[in-house]
Amino acid sequence: MNNKKRIVVIGATSAIAEHCARLWLRDGSVDLTLVGRDLQRIDRVATDLRVRSPQSEIRTVQAGFLDPAEVAAAVDGIVQAGPVDIVLIAHGSLPDQAQCQDALAACAEALEVNGLSPVLYAEAFAKHMAQANHGAIALIGSVAGDRGRKSNYVYGAAKGLVTRYAQGLQHRFAGSGVKIVLVKPGPTDTPMTAHLKSQGAKLAPVEGVARQIVDGIAAGKPVIYAPGKWWLIMMIIRHLPAFVFNKMNI
Ligand SMILES: NC(=O)c1ccc[n+]([C@@H]2O[C@H](COP(=O)([O-])OP(=O)(O)OC[C@H]3O[C@@H](n4cnc5c(N)ncnc54)[C@H](OP(=O)(O)O)[C@@H]3O)[C@@H](O)[C@H]2O)c1
């Protein structure tokens, strides 16, 4: 064990997560564990991060994302190497809404990857952090979880599950040494939204979104809208009466 800050990233090949990792390394040497489903892809990220911060400890872990026993085993193994200060749970995929309506398998996969899996990881870390009375769990939800919309309500439902779950965790750990942070990015320029970019969608630069996440976790913010303007946009969207909302093509 070393005395560096210990950070774990689940879904470490995510562009948002990778940029958060770069910022953490820039702020000082850390003990960073990168978790993903494909070891080759995680290794590629690890190699780049090691060049950026040779003095940091960078570990890689290949893990399952849906099976509760595999998630528990992965988290137990990570925690065995020492207590965790920050875990960022970042993985997710943006499904095609029409495909989710046509094929229940696509619908189930979208709900599992974006809803069930992050909850399993958070719950597994919460167990250890509760014992240590220390640590921060940051979950990446989405503005899409704030109100169901016809254009992406299956993804939105999964992210809404993460939102409600994070609220419950915040209630459970209120006043304790464990902090729960819910991140709600708006549309961000990453591989997940490459198809939207080619259709002309306006996307936030990933570097700025990552900066807000890293700073928000350090400040122990309960909710981070990134970019911040999405707080106002979604407050309006959430409060629109159905007779107005149902006429909107969003
Ligand atoms: N980009 C946006 O506009 C936006 C907006 C709101 C919220 N978000 C959320 O932000 C988070 C990060 O997204 P990103 O934009 O950084 O996307 P990204 O670069 O495309 O990364 C997606 C990540 O999810 C992992 N993943 C995808 N499907 C998976 C599966 N079935 N099992 C396990 N891992 C899986 C990928 O792993 P592999 O490398 O192995 O494929 C990768 O690590 C996600 O939770 C996303 O929903 C993004």
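These legends describe close-up views of a predicted model. Residues are numbered from 1 along each chain as its sequence is written, and side-chain values use heavy atoms, with hydrogens and water left out.

**View 1. Helices α5 and α6 cross at roughly 15 degrees.**
Two packed helices are described by the angle between their axes and the distance between the axes. Here α5 spans residues 104-132 and α6 spans residues 153-173. Their axes come within 8 Å. Axes are lines fitted to C-alpha atoms, for helices over the stretch in contact, and angles run from 0 to 180 degrees between N-to-C directions. The two helices are therefore roughly parallel to each other (under 35 degrees; over 145 is roughly antiparallel, 65 to 115 roughly perpendicular, the rest oblique). The crossing is right-handed, meaning that the near helix is turned clockwise from the far one, by less than a right angle. Helices (H or I, at least four residues) and strands (E, at least two) are DSSP runs, numbered from the N terminus.

**View 2. R172 and E123 form a salt bridge.**
The closest N and O atoms are 3.2 Å apart. The pair links distant parts of the chain, with R172 in helix α6 and E123 in helix α5, 49 residues apart. A salt bridge is a side-chain nitrogen of Lys or Arg within 4 Å of a carboxyl oxygen of Asp or Glu. By this rule the count comes to eleven. R172 is partly exposed at 43% relative accessible area. E123 is partly exposed too, at 35%. (Buried is under 20% relative accessible area, exposed over 50%, partly exposed in between; 1.4 Å probe, protein chains only.)

**View 3. R6 and D31 pair across two strands.**
Their closest N and O atoms lie 3.7 Å apart in this salt bridge. R6 sits in strand β1 (residues 5-10) and D31 in strand β2 (residues 30-36), so the pair ties together parts that are 25 residues apart in sequence. Both residues are buried.

The salt bridge is 2.9 Å, N to O. R211 is partly exposed at 30% relative accessibility, and D215 is partly exposed at 40%. Elsewhere, salt bridges that share partners join E18, R22, D48 and R52 into one network.

**View 4. W231, L232 and I236 make a nonpolar surface patch.**
The patch covers about 320 Å². Patches are made of residues with over 30% relative accessible area and no salt bridge; like charges are joined within 9 Å, nonpolar side chains (Val, Leu, Ile, Met, Phe, Trp, Tyr) within 5 Å. Areas come from the Shrake-Rupley method with a 1.4 Å probe; for residues, only the protein chains shown count as cover. L232 lies in helix α9 (residues 229-239). L232 is partly exposed, at 43%.

Most residues other than glycine have a negative phi, and most peptide bonds are trans. The A226 to P227 peptide bond is cis, with omega near -10 degrees. N133 has phi near 50 degrees, a positive value in a residue other than glycine.

Definitions and conventions
Predicted model: local features only at pLDDT ≥ 70, side-chain atom pairs only at ≥ 80, totals over all residues.
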